[in-house]
Amino acid sequence: MALSWSSPTFLVRERLLELLPMTTGYVVLLQAPAGFGKSVLAGQLAARLGWRTLWASSLLGDPKDQVARALGLPSEAPWAPLIETLAQEPTLLVLEDLRGDEALSPLLRTLPALVLLASREALGYPELPKLRAEGRLIQLGALELAFTPEEAKALFAGRDDWEKAYRMTGGWPLPLYLSAFTQEPPDASALLRGLRDSLSPPAFREGLLMSVLLYLPEGIATEATHELFQKGLVRKTPEGFQLHDLLKRMAQQSLIQEVRAVVRTEQTRLPPGLRAEALWQAGLHQELLTLLEEPRTLEIPPERLVAWRGLLEKGGARARLRLGEALLQSGDRSGFALLESLTDAEEAGLALTALGHLAYYYAEPMLGKDLERARGYLKRGLELLPRVSPELAGRFLNDAARIFFEGGEPKEAERLLAKALELLPPGSPFRLAPLNNLSLLRFELYGDLLQRVRTLEEIIPSLTGPLQSNRPGSLRDLGRLYLLLGERQRAETYFEEAVHTPGNPLASLEAEMYLAYLQENPEALERLVSRAGLWESPYLVERGRAFLALLQKDPGWVEGLEGFFAGLARAELGKDLSALPPYPTNREERLHWHVVRYRISRNIQDLEALLHLIPHQARRVLPGLLRLEELPPDRPELAQAYPLREVLASGWQAAVRLRAQEIPPLRAQVLGRFSLQGPLGKVALEGRRREVLALLLLGLSRSEVAFELWPDLDEESARNNLSVWLNRLRKSLEPWGVPTYLQNDRLVRVESDLEQLEAALEVGAAPRVLELYHEPLMPGVYLNALEERRHELRAKVRGLFLQQSEPHYLRRLLELDPLDEEAFSRLVELHLLRGEEARALELQRAWQRRLRKELGRTQRSPS
């Protein structure tokens with residue numbers, strides 16, 4: 001059936017229809033909540049195509065069974081006959097209300113029709129990514145299905161109220177259609193009355209609660225939540241369920257007292273962060289302050305606390321404590337004053353927490369690093385330790401260890417962290433922080449880089465909730481370590497994640513600077529340096545300017561700056577050893593210091609010092625610090641950690657010989673095409689070099705190759721000619737200059753589809769032969785020995801396929817030779833044995849037509 005959508009209310013969406021394919025073999029995926037016009041668009045597509053159109057819905061059972069019944073087949077029929085029947089005429093197949101667990105793989109692999117999938121949630125069918133990559137998947141979501149201003153204006157047929165309706169609905173088709181139909185604006189009270197009448201009381205109350213939430217986690221969703229989802233009023237996201245923005249605004253504006261009542265009764269169901277957000281959005285500010293005064297950890301993002309600053313500054317001591325830490329996490333130094341006012345609090349735990357934050361953030365380079373003041377807060381905090389719980393004492397010592405780390409006293413920092421782990425209870429989530437810090441210290445003390453990487457990768461997934469503020473910095477650090485290891489792609493992945501992870505804006509900003517530098521984007525770097533200036537972060541300003549200086553080869557960017565990275569950039573750009581900054585205490589910075597010094601002086605002692613800093617993994621870091629051509633020519637062993645492709649392309653033969661066993665085989669495809677793939681990419685061969693390689697691939701000896709190519713020359717002249725061409729071939733196959741694939745005038749370490757075909761023929765593996773065999777063998781090469789092999793291969797393939805009892809082997813023979821009478825007779829015989837008389841008769845008629853055609857050609861050809 002093809003549904004008709006001719007009502008004047010249903011605007012024909014030309015913008016969307018033009019995006020949709022008008023032929024079979026494609027998938028259209030419409031993914032959006034209810035009310036976004038998925039069915040309407042499917043109906044309009046059906047009307048435009050004029051094809052046979054079949055509709056099925058997962059709400060009515062298995063879509064396959066519904067399609068089978070629509071095609072006149074038994075509902076339990078498998079996909080194979082359905083697919084064959086669908087392919088008999090152009091068909092639009094619409095499958096609606098999908099959940100993602102339907103068994104559609106056979107349909108999506110073959111696509112005998114134009115298939116339209118409609119769903120309110122993401123679909124995980126494994127075929128979809130492949131179809132997207134092939135350009136055969138067209139996906140439209142809520143963003144695309146929403147009305148544009150132009151479409152809204154057309155829907156209202158010139159009425160002036162279209163713009164107001166569009167602003168109120170945000171382009172949401174359902175209320176926009178209703179407004180156009182009733183000629184009334186999307187009235188909040190009318191729409192809410194309609195919703196109250198059409199929803200169960202629990203679902204309506206759930207909607208009121210969700211009107212003050214960014215999202216509702218799926219884990220605490222109820223039947224009422226799912227009722228809202230089924231009716232298209234909420235959408236499902238990776239974070240959870242979200243109410244439509246229009247409904248949020250209407251509820252907050254028209255039903256605020258009911259919203260507050262629901263929040264008061266339902267708030268304990270929410271996790272603390274969402275509970276705080278609900279109280280804020282509902283205007284229950286005093287109750288929010290009461291929540292923030294509770295002496296427990298609350299998982300509230302720092303940026304939200306900063307957004308509530310005006311309220312929290314009027315709150316009690318604990319609310320101001322949370323705000324002070326959030327401000328410093330966000331790079332705002334005004335948090336220091338808030339915390340300092342709490343250091344004399346009567347409650348020892350609260351005072352110690354404030355002192356710990358002050359000690360930690362005064363030691364933070366991005367906030368100016370005032371170690372003297374930090375030590376003063378440490379001293380006062382140590383006096384309070386006996387008066388607090390072991391967990392609070394452990395958290396304080398972990399914070400205080402930062403002072404000694406930044407002050408170049410790693411052993412003392414290690415001692416404090418070990419003591420912190422002794423005090424923190426085994427199940428405490430706060431143990432992750434000292435474990436992470438100990439890992440950093442052990443890198444500083446012993447140079448164990450890989451354990452540092454492993455530790456970060458293990459703990460980052462757990463840095464959530466109260467530890468969320470540590471996550472961006474840990475991701476940035478992991479990106480930096482992978483950069484040291486020369487793994488740029490992984491480094492960029494972690495930097496990108498750090499940029500988009502909330503909790504520590506300064507760490508995210510530094511990660512963004514690394515990305516801009518790696519991507520050679522000076523304009524982005526300049527903008528980031530300006531942002532760092534607004535944060536009043538001298539460290540990040542210097543970091544960004546040093547990147548800019550290196551990127552643009554302009555030392556003017558670091559003029560007047562005295563920091564470590566500015567000094568390194570000046571020294572490198574000016575090739576001036578005297579411009580180097582003082583020798584740093586930080587191991588990672590020492591690596592960069594020795595790199596710059598070595599680049600300038602080429603003194604081997606600096607290279608040795610660099611290697612000594614990472615004693616057991618030294619060569620692993622070289623690709624991230626030095627270019628291959630910067631290594632000493634007499635130290636080829638140092639190239640072992642560099643990408644093999646880079647070493648081969650360099651032509652450094654001593655380094656290549658050390659890596660010879662790593663060089664992958666030469667891959668030759670000679671069945672139906674002639675293609676060579678080496679470790680440096682595609683190898684192009686023409687003329688005589690291609691002929692020499694072709695004969696070697698056939699397994700001919702040196703003498704046989706020489707005779708085949710120069711049959712009219714004496715043996716010595718032919719062999720001399722071959723030597724010249726073998727040398728030329730070697731330069732094409734092994735441009736790195738080390739014998740790899742041509743040794744003793746024969747091919748070694750070569751994998752070819754010809755070799756695989758011959759192995760499959762040897763054991764009679766017909767399916768594998770069918771997959772591999774294509775003609776001609778080595779196209780573009782015309783030699784007697786090759787022609788003999790071509791005939792020999794076809795004879796073997798033909799003999800094997802004639803023995804098979806499956807028609808597709810015989811059809812393949814007829815593709816190779818349409819007049820192969822034995823293959824034709826055998827194919828007809830097989831169809832008759834299967835009871836397929838009609839198919840056999842059709843084959844015989846086609847055979848006769850082809851014979852007449854061929855005979856006609858013969859009679860017309862000149863004698």
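**Conventions.** Before reading any strand pairing I noted that two strands count as paired if DSSP finds at least two bridges between them. The strands themselves (E, at least two residues) and the helices (H or I, at least four) are DSSP runs numbered from the N terminus. I am working with a predicted model, in which local features need pLDDT of at least 70 and side-chain atom pairs count only at pLDDT 80 or more, while totals for chains, interfaces and linings use all residues. Residues are numbered from 1 along each chain as its sequence is written, and side-chain values use heavy atoms, with hydrogens and water left out.

**Entry 1, the four-stranded sheet.** I looked up an open sheet and found four strands in the order β10-β9-β8-β13, with mixed pairing. Its edge strands are β10 (681–683) and β13 (750–752), each of which pairs on one side only. From one strand to the next the twist averages 30°, where axes are lines fitted to C-alpha atoms, for helices over the stretch in contact, and angles run from 0 to 180 degrees between N-to-C directions. Strand β8 (residues 666–669) runs parallel to β13 and is joined to it by three bridges, and I noted Arg-667 standing opposite Glu-751 of β13.

**Entry 2, strand β1.** Which strands pair with β1 in the parallel sense? One is β4, over five bridges, and another is β5 (residues 137–141), again over five bridges. In β4 the bridge partner of Val-28 is Leu-116, whereas in β5 the partner of Leu-29 is Gln-139. Strand β1 (residues 27–31) is mostly covered, with four of its five residues buried; buried means under 20% relative accessible area, exposed over 50%, and partly exposed in between (1.4 Å probe, protein chains only).

I then went to Ala-113, which sits in the loop between α5 (105–110) and β4 (114–119). Is Ala-113 buried or exposed? Ala-113 counts as buried because its relative accessible area is 0%. Not counting residues up to four places away in sequence, Ala-113 touches Thr-24, Gly-25, Tyr-26, Thr-91 and Leu-93, contact meaning heavy atoms within 4.5 Å.

His-357 lies in helix α22 (residues 348–362) and counts as buried because its relative accessibility is 7%. Leaving aside neighbours within four places in sequence, I listed Leu-321, Glu-325, Leu-339 and Asp-399 as the contacts of His-357. Gln-640 is in the loop between α36 (618–625) and α37 (644–650) and, at 36% relative accessibility, counts as partly exposed.

On a 1 Å grid over the protein atoms alone, a cavity is a set of points where a 1.4 Å probe fits but cannot get out, and a pocket is an open set with protein on both sides within 12 Å along at least five of seven lines; lining residues have an atom within 4 Å of a point. Grid points are joined across faces, edges and corners, and a volume is the space filled by probe spheres set on the points. The second largest pocket holds about 1,300 Å³ of space. It is lined by 37 residues, of which Tyr-517, Glu-572, Arg-599, Gly-624 and Leu-625 are the closest to its centre. Helix α34 gives the largest share of this lining, six residues. By class the pocket lining divides into 21 nonpolar, three polar and 13 charged residues, where Ala, Val, Leu, Ile, Met, Phe, Trp, Tyr, Cys and Pro count as nonpolar, Asp, Glu, Lys and Arg as charged, and the others, Gly among them, as polar.

My search of the whole structure for cavities of 30 Å³ or more returned two. The second largest cavity, of about 30 Å³, is lined by Arg-13, Gly-37, Val-40, Leu-41, Gln-44 and Tyr-177.

A cis peptide bond joins Glu-775 and Pro-776, with omega about -5°. Lys-369, not a glycine, has a positive phi of about 50°.
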